[in-house]
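Below is a short briefing on one protein model.

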Amino acid sequence: MSQRYLPAEWYPQDAILITWPHPDSDWADAMAEAEDVYLDLLSTLSHTQDVLIQVHSSIDTDRLTVLFERDGINQARCHLILVDSNDTWARDHGPITVLDDDQPMLLDFTFNGWGGKFDARLDNELNQNMAEKALFAASMQRIDWVLEGGSIESDGRGTLLTTTTCLLNPNRNSETSRHTVESRLKDWFGVDQVLWLQNGALAGDDTDAHIDTLARFAPEGVLVFQGCQDVADEHYDRLYAMKSELETFTDAQGTPYRLVELPWPDAQYNQEGQRLPATYANFLVANQVLLVPTYGVPQDGVALERLAEAFPGHRVVGLPCRALIEQFGSLHCITMQLPRGTLSRSMLDSQDL
């Protein structure tokens, strides 16, 4: 019998996958602001590892080259993939990689725009379109089940963390039995247990409470979570209840997690007065760096300090993400890691595809 498991995000990576903002995406009215975030991301990542960049046919790639050169981006590690998309949330339309007898396998789940809220027909075909370009050394399995990468979190040691609000929502799949969904998760990801959060959600979140906005694993049995220290804030009760749940969780070996609470950022609103889902839990673990979303508020520095303690083997870099939450997502939402062994060597030696 094969031994399958879902590696933690800090498992060595071949690359990070992103989808560049384009005029047909939600960024149409804020292209410059969105691109600045992506350029900042590449300015850090391209000097430590490869980045796959899905590029819509409306994008002028010569212009991108000029921007990359201007910002000192290492273009030798940036691979442009010409594929059309609806939007740019790679965490949710990207493939989820498991290790099967230590060999990577890409799982291509259905993406339905977070329960049919948005058109996702092109996004749902992105993984198959990439596979047809011979990008992957790993095989890909298409799974007729709606599941987004931002909705699950693995400690790499047999435990999956998720939320009932998302995975048991009938806007994803007709099957909403917790027992049945948990059984499928164990089969797909080779985990021994699934921890279900029943509390915790952010105002303005389109995802029905993705776990990567709320709580994340870190090495050595650490569980990082987004706290709320303002008793007058609308989130206080639900995030306090989430904290109480997390305090009862143990890993697959029965050991309690050590909790690290992140500070609560000052409230952010768009021009229409709508609350935006600012969270520090939406960080990205890369090979050598930990990229943390910041929002230009006093709590940014404390968040960076606490995450540096949780990830002592990584250099912690803050990345301004105020522009991203205008579209109700943040840093982790626009990225997807591709673990070591996923990509073909010939692809890594090329520039454009």
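Helices (H or I, at least four residues) and strands (E, at least two) are DSSP runs, numbered from the N terminus. On that basis the protein has eleven helices and 17 strands. Its radius of gyration is 19 Å, close to the 20 Å that the globule rule gives for 353 residues, so the protein is as compact as a globular protein of that length. The radius is taken over C-alpha atoms, and the rule is 2.2 Å times the number of residues to the power 0.38.

This is a predicted model, in which local features need pLDDT of at least 70 and side-chain atom pairs count only at pLDDT 80 or more, while totals for chains, interfaces and linings use all residues. Residues are numbered from 1 along each chain as its sequence is written, and side-chain values use heavy atoms, with hydrogens and water left out.

**Fold**
- The C-alpha trace spans about 55 × 50 × 40 Å along its principal axes.
- Among contacts (heavy atoms within 4.5 Å) between residues at least 6 apart in sequence, 77% join residues at least 24 apart.

**Surface and charge**
- Of the 353 residues, 59% count as buried (under 20% relative accessible area, 1.4 Å probe, protein chains only).
- The accessible surface (Shrake-Rupley method, 1.4 Å probe) comes to about 13800 Å², and 45% of that belongs to carbon and sulfur atoms.
- There are 24 positive and 54 negative side chains, and the centres of the two sets lie 4 Å apart.
- Lys and Arg count as positive and Asp and Glu as negative, with His and the chain ends not counted; the charges are placed at NZ of Lys, CZ of Arg, CG of Asp or CD of Glu.

**His22**
- His22 lies in the loop between strand 2 (13-19) and helix 1 (31-45).
- His22 is buried, at a relative accessible area of 0%.
- Leaving aside residues up to four places away in sequence, His22 touches Ala28, Met31, His56, Ser58, Ile59, Ser85, Asn86 and Asp87.

Methods: Buried means under 20% relative accessible area, exposed over 50%, partly exposed in between (1.4 Å probe, protein chains only).
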